[in-house]
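Notebook open, model loaded. I'll jot down what I look up as I go.

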Amino acid sequence: MSSVGMHLTSSLIVSLLFTFLRIVSSYNILAFLPFNGKTHHIVYRPILEALADAGHNITYVTPISPPEPHPKIKYILIDDCYPGFNSKFFFENSKRLFFLQVSAVYGITTEGLEKVYNQPEVKDLIASSEVFDAVITETCFFQEANAALHHRFNAVGVEICCLGERSWINSVAGLPDNTAYMIDYRSPYTDNMSLLERIHNSYITLTVLLTSQFYLSRMEDVAKRSLKYHGSKDRPPLDHILANISMILVNSHPALSYPYPTSPHVKKIGGVVIQKKSKPVPEHIRNFLDNAKHGVIYLSLGTNLAIVSESTEFGDVASTLMKVFGNLKQRVLMKWDTEYPKDQIPTNVMMSSWFPQQQILGHNRTILFITHGGYSSLYESAYFGIPIIGIPYFGDQPKNVRAAVAAGFCIRVDYNNVTEGSLTWAIKEILNNKRYKEEAERRSSMLRDTQTSPVDDAVFWIEHAIKYPNSLTPRSAYMSFIVVNLIDIKIILLIVIISLYYIARKFVGSNNYKIPGKKEKTL
């Protein structure tokens, strides 16, 4: 046999060996993700599809039908059990006091999870003889009861956090928050805060922790009522199961947020939404982009814009946008979910309820992105080096946009100030000041400067957690809030200091105590 033939034969053997090893080490993984937020599932899907491509058996419980089902994933479609959990709810809820906002969300999820567990498909799954090596959940997004499934299937717990930094995640992971520079996803500040901002940031963090801890007992009741199976009576408390999570994947990246310490089993996977293989752009959109002599501005505010346009305090937002865009020499792609009179749409504007966002942002004619500031949109924009105008409304959006402004590739326009003047100024400022584009390109370089992709990282760490459960989980994750924050020691030290103070005061003030070397005065 020739040397070439021997080389080909050996290469084939090595390839078959790796394929065999992959099949042998394939795992059964349950992704129990009943939340109805589409943006959350945009983060879940690439990870689950990559796991399936790696040879693992994935069962995906979801209320959202995938646009293109993956042939290697078993989907269990359930009803949307959170009908009141929508953008309108979040928009209205954001106007309330913060602790009432958090309580309102927990109120919906505790009720919704009972409906989830009573879905026929879920009841059949829980009663089945299925065996899973790992259960993927997003428990720390107001769904802590789902952690009971880790116990039900005696499986490794894997957590996905779609909203980036979250103080409750830090608490579960055994990492005390330092509110001098660590911020919750609901905190609209940078890591460089004034005294008043640090006070408000501390209030937000403490509210999240106390409210989450309070509702953990409510979640415990939900699990006891609705998640019954053989052995459920011996189930540990939810706080113990949460502490036992082996891997926590956080949708965050230092280039778009702020560096801060994490527990060893918390890994950042910001960027999993970036598609490795992009589909061709529809011809009519491609022609619109290719022939844009002065560039293209892309606008997408998710599902929020329709809600804002219904609010009288904003007036007719669509008309405002049309007036601004109609006066530009650039072309505009405008994602809009409601109908608009065609004869009132400027000739340089293309309006549609759907656009291939990543392909548009990656096109060489795109020069500006107007966004609501969702983390996925923020990451996509930075990845392709496109400066943005951020119009945040609720949730993590104010924090995300504030970080982009601090980074230097974004201008924020407040949602209560969407006017012709404000938008026109912001557009001209970004297009005429090259520093925004330069910073966006620098952030793009930071995001691309990596040895492996975020999706590959996520697959690696999930596999690592299954092979070596809790090998990265610190002891602090199992400690109580009092112990891990040294509150008991601080109380003891305070008692000692106070006791020493009173003892010293008693001796100094005693009539029988004389200071050495000091003579008494005589009259």
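This is a predicted model: local features need pLDDT of at least 70, side-chain atom pairs count only at pLDDT 80 or more; totals for chains, interfaces and linings use all residues.

Entry 1, Arg-412 and its partner. I started with Arg-412, which is partly exposed with a relative accessible area of 34%. Asp-414 forms a salt bridge with Arg-412, and the closest N and O atoms are 2.8 Å apart. I looked up Asp-414 too: at 34% relative accessibility, it counts as partly exposed. Then I found a network: salt bridges that share partners join Glu-439, Arg-442 and Arg-443 into one.

How many salt bridges does the count come to? I got 11 salt bridges. The general idea is that side chains of opposite charge can pair when their charged atoms come close. One of the pairs is Glu-111 with Lys-115, whose closest N and O atoms are 3.9 Å apart. Both sit in helix α4 (residues 98–117), and because they are 4 residues apart there, about one helical turn separates them. Lys-115 counts as partly exposed because its relative accessibility is 39%, which falls between the 20% cut-off for buried and the 50% cut-off for exposed.

Lys-399 forms a salt bridge with Glu-165, with the closest N and O atoms 2.6 Å apart. Lys-399 is in helix α15 (residues 397–407) and Glu-165 is in the loop between β5 and α7 (167–172), so this pair ties together parts that are 234 residues apart in sequence. Are these two buried or exposed? I checked, and Lys-399 and Glu-165 are both buried.

Entry 4, strand β5. Which strands pair with β5? Strand β4 (residues 134–137) pairs with β5 in the parallel sense over 4 bridges, and Ile-136 has Val-158 as its bridge partner. Strand β6 (residues 247–250) also pairs with β5 in the parallel sense, over 4 bridges. There, Cys-161 has Val-250 as its bridge partner.

I looked at helix α14 (residues 375–383) and found 9 of its 9 residues buried. Among them are Tyr-375, Glu-380 and Tyr-383. Just after α14, Gly-385 takes a positive phi of about 70°.

Last stop: Asp-79, Asp-80, Glu-121 and Asp-124 gather in a patch of negative charge on the surface. Asp-124 lies in helix α5 (residues 120–127). With a relative accessible area of 56%, Asp-124 is exposed.

Conventions: Residues are numbered from 1 along each chain as its sequence is written. Side-chain values use heavy atoms; hydrogens and water are left out. Patches are made of residues with over 30% relative accessible area and no salt bridge: like charges are joined within 9 Å, nonpolar side chains (Val, Leu, Ile, Met, Phe, Trp, Tyr) within 5 Å. Accessible areas come from the Shrake-Rupley method with a 1.4 Å probe; for residues, only the protein chains shown count as cover. A salt bridge is a side-chain nitrogen of Lys or Arg within 4 Å of a carboxyl oxygen of Asp or Glu. Lys and Arg count as positive and Asp and Glu as negative; His and the chain ends are not counted. The place of a charge is taken as NZ of Lys, CZ of Arg, CG of Asp or CD of Glu. Helices (H or I, at least four residues) and strands (E, at least two) are DSSP runs, numbered from the N terminus. Buried means under 20% relative accessible area, exposed over 50%, partly exposed in between (1.4 Å probe, protein chains only). Two strands pair if DSSP finds at least two bridges between them.
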